[in-house]
Amino acid sequence: MSQSALPKRVALVTGGIGGLGTEICRQLAQAGRRVIALDLASREDRVAAFHAETSDFGDAIAFEPADVSDFDSCQQLVERIEQRHGSIDVLVNAAGITRDASLRKMTPRQWHELMRVNLDGVFNMCRNVVEGMTARGFGRIVNISSVNGQTGQFGQTNYSAAKAGVHAFGMALARETARKGVTVNTVSPGYCDTPMVAAVSAEIRAQIVADIPIGRLGSPADIARAVAFLSADDAGYITGANLPVNGGYFMSF
Ligand code: CAA
């Protein structure tokens with residue numbers, strides 16, 4: 001069978017209608033995936049905008065509602081997708097929130113809300129797809145971490161801890177799935193042109209941009225490019241890796 005005659009692989013993108021997620025969906029569809037964007041049903045206005053922004057892809061991009069912080073919701077979602085669209089071959093965990101506050105002001109609620117989405121969400125989704133992927137002998141998992149998980153950021157003890165945890169989780173899972181055709185990698189964006197970064201005060205944002213060697217915020221397309229690379233069928237020898245995409249803001253070896 002020629003490549004084009006093969007059924008499209010299904011890619012699930014959590015936070016799929018968000019600042020980075022929408023562009024990730026578009027680039028995965030361009031790479032020939034059948035893409036399902038997962039996000040909260042309650043974001044009705046954003047869902048409508050997402051459909052408009054992805055309409056040029058027709059039914060290659062669909063939306064399914066679920067809450068990544070709720071294990072049962074994730075389990076039901078995976079069953080629903082498998083019935084409607086087929087087995088999930090690519091999982092991109094891009095759902096994330098901020099609850100910025102210095103630790104002396106941070107409430108337990110700000111801590112727990114963030115952990116439930118940014119870290120529990122990765123467990124809830126991976127746990128529900130990993131058996132299917134390993135049984136079928138193919139899978140690509142890409143988790144979105146952050147430069148702030150690598151360096152720490154003032155006002156982000158919760159976010160930095162969760163994002164560092166996302167990569168550690170991925171390295172551990174990569175070992176468990178390495179012999180089953182399933183790779184697990186991390187993309188660590190720097191500061192990008194998204195609503196999340198726009199919420200940071202203009203003064204702090206200007207200081208951050210001044211510290212980025214490339215001299216600008218990243219674009220969602222810069223991040224989606226890395227996700228598409230790591231989730232490609234022929235990226236099978238890259239696993240447990242972190243790919244920083246931060247304009248040189250943090251360089252390490
Ligand atoms: N660095 C150093 N000192 C800082 C500071 C900073 N970023 N922010 C505040 N301070 C200082 C203040 O100057 C002040 O000093 P004095 O007490 O000497 O006057 C003191 O700390 C104030 O401390 P507070 O606890 O009162 O802090 P605050 O409430 O004023 O501000 C904050 C806290 C809103 C979290 C603010 O620090 C901030 O916005 N930080 C940046 C957070 C950030 O970058 N978030 C990224 C969101 S985007 C994202 O996360 C995507 C991604 O992956 C990159």
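Asp-89 has a relative accessibility of 8%. Buried means under 20%, so Asp-89 counts as buried. Keep in mind while you work that this is a predicted model.

**Exercise 1. Find the salt-bridge partner of Asp-89, and work out what the pair links.**

Step 1: Look for the partner. Asp-89 forms a salt bridge with Arg-9, and their closest N and O atoms are 3.9 Å apart. The cut-off is 4 Å, so this pair makes the list.

Step 2: Arg-9 sits in the segment before β1 (10–14), while Asp-89 belongs to strand β4 (residues 88–93), so the bridge ties together parts that are 80 residues apart in sequence.

Step 3: Check how open each end is. Arg-9 is partly exposed at 25% relative accessibility, whereas Asp-89 is buried at 8%.

Step 4: Zoom out. Through shared partners, salt bridges join Arg-9, Arg-33, Asp-89 and Asp-233 into one network. The structure as a whole holds 13 salt bridges.

**Exercise 2. Describe the salt bridges Asp-39 to Arg-43 and Glu-64 to Arg-80.**

Step 1: Start with the distances. For Asp-39 and Arg-43, the closest N and O atoms are 3.3 Å apart. For Glu-64 and Arg-80, the N to O distance is 3.1 Å.

Step 2: See what the second pair connects. Glu-64 lies in strand β3 (residues 61–65) and Arg-80 in helix α3 (residues 71–84), so parts 16 residues apart in sequence get tied together.

Step 3: Sort the ends by accessibility. Asp-39 is buried, at 7%, and Arg-43 is partly exposed, at 33%. In the other pair, Glu-64 is buried, at 5%, and Arg-80 is partly exposed, at 23%.

**Exercise 3. Which residues have the most contacts inside the largest nonpolar core, and which element gives the most to this core?**

Step 1: Recall the background. In soluble globular proteins, nonpolar side chains tend to be buried together.

Step 2: Trace the suppliers. Elements that each supply at least two residues of this core include β1, α1 (21–30), β2 (34–39), β5 (139–144) and α9 (220–230). Helix α9 gives the most, with 6 residues.

Step 3: Leaving out residues up to four places away in sequence, Ile-144 touches, among others, Leu-20, Ile-24, Val-92, Val-187 and Val-227.

**Exercise 4. How are α1 and α9 arranged relative to each other?**

Step 1: Know what to look for. Two packed helices are described by the angle between their axes and the distance between the axes.

Step 2: Read off the values. The axes of α1 and α9 come within 8 Å and cross at roughly 45 degrees, and the helices are therefore oblique to each other. Their crossing is right-handed.

Step 3: List the meeting points. Glu-23, Ile-24, Gln-27 and Leu-28 in α1 meet residues of α9, including Pro-220, Ala-224 and Val-227.

Step 4: Look at what's hidden in α9. Its buried residues include Pro-220, Ile-223, Ala-224 and Val-227. The cover over the buried residues of α9 includes α1, β4, β5, β6 (182–189) and β7 (242–245).

**Exercise 5. Describe how α4 packs with α6 and with α3.**

Step 1: Take α6. The axes of α4 (residues 108–136) and α6 (residues 157–177) come within 9 Å and cross at roughly 15 degrees. That makes the two helices roughly parallel, and their crossing is right-handed.

Step 2: Take α3. Helices α3 and α4 pack at an angle of about 35 degrees, with axes 8 Å apart. This crossing is right-handed too.

**Exercise 6. Where is Arg-99 found, and which residues is Arg-99 in contact with?**

Step 1: Locate Arg-99. This residue is in the loop between β4 and α4, and it's partly exposed, with a relative accessible area of 29%.

Step 2: List the contacts. Apart from neighbours within four places in sequence, Arg-99 is in contact with Met-106, Gln-110, Glu-113, Leu-114 and Asn-158.

Definitions and conventions
Residues are numbered from 1 along each chain as its sequence is written. This is a predicted model: local features need pLDDT of at least 70, side-chain atom pairs count only at pLDDT 80 or more; totals for chains, interfaces and linings use all residues. Side-chain values use heavy atoms; hydrogens and water are left out. A salt bridge is a side-chain nitrogen of Lys or Arg within 4 Å of a carboxyl oxygen of Asp or Glu. Helices (H or I, at least four residues) and strands (E, at least two) are DSSP runs, numbered from the N terminus. Buried means under 20% relative accessible area, exposed over 50%, partly exposed in between (1.4 Å probe, protein chains only). Contact means heavy atoms within 4.5 Å. Axes are lines fitted to C-alpha atoms, for helices over the stretch in contact, and angles run from 0 to 180 degrees between N-to-C directions. Angles under 35 degrees count as roughly parallel, over 145 as roughly antiparallel, 65 to 115 as roughly perpendicular and the rest as oblique. A crossing is left-handed if the near helix is turned anticlockwise from the far one by less than a right angle, and right-handed if clockwise.
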